Amino acid sequence: MLKSKSYSHYLSALAVFDSLVLISQEIHIVDEILVIGFHQNGLFHGFSDEACKVILSFSDAVCNLMSAWLIVVMALERLWVVSMPFRTNGTMWFRQKGAIIIILSLLAVMSATQVFR
């Protein structure tokens with residue numbers, strides 16, 4: 001029953017992006033410990049290609065933004081459902097398909113705003 005609700009898609013997407021943010025932060029912390037603490041080559045020492053650094057920076061920024069904006073979208077959806085319960089029954093945006101469209105649109109917008117990286 002809960003799988004068919006729109007907020008389950010938001011929560012799943014939030015779990016994925018939050019996990020990616022945590023993994024990325026842990027990788028950066030381990031890199032700093034190796035470089036500063038042990039005076040060794042860091043995890044990114046072998047990455048001489050600028051494209052890899054750009055992709056890493058881009059993905060970090062997009063995952064951070066997605067984590068924040070998914071919470072905003074979930075809060076707005078819940079606010080709308082609670083404040084106007086009878087207007088949400090026939091609306092596609094409060095169903096699974098609408099949630100998927102909103103998540104993918106949000107990912108596209110966040111990716112487009114980070115192209116400069």
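Predicted model: local features only at pLDDT ≥ 70, side-chain atom pairs only at ≥ 80, totals over all residues.
Glu77 is buried, with a relative accessible area of 6%, where buried means under 20% relative accessible area, exposed means over 50%, and partly exposed lies in between, using a 1.4 Å probe and protein chains only. Residues are numbered from 1 along each chain as its sequence is written, and side-chain values use heavy atoms, with hydrogens and water left out.

What does the side chain of Glu77 meet in a salt bridge? Its partner is the side chain of Arg78, at 3.7 Å from N to O, a salt bridge being a side-chain nitrogen of Lys or Arg within 4 Å of a carboxyl oxygen of Asp or Glu. A search of the whole structure finds one salt bridge. Arg78, at 35% relative accessibility, counts as partly exposed.

The side chain of Glu77 also makes a polar contact with the side chain of Ser6, at 2.3 Å; a polar contact is a pair of N or O atoms within 3.5 Å, and within protein one must be able to donate a hydrogen and the other to accept it, while residues adjacent in sequence count only if both atoms are side-chain atoms.

Ser6 is itself buried, with a relative accessible area of 2%, and it lies in helix α1, where helices are DSSP runs of H or I with at least four residues, numbered from the N terminus. Other buried residues in α1 include Tyr10, Phe17 and Leu34.

Technical notes
Helix = DSSP H or I, 4+ residues; strand = E, 2+ residues; numbered from the N terminus.
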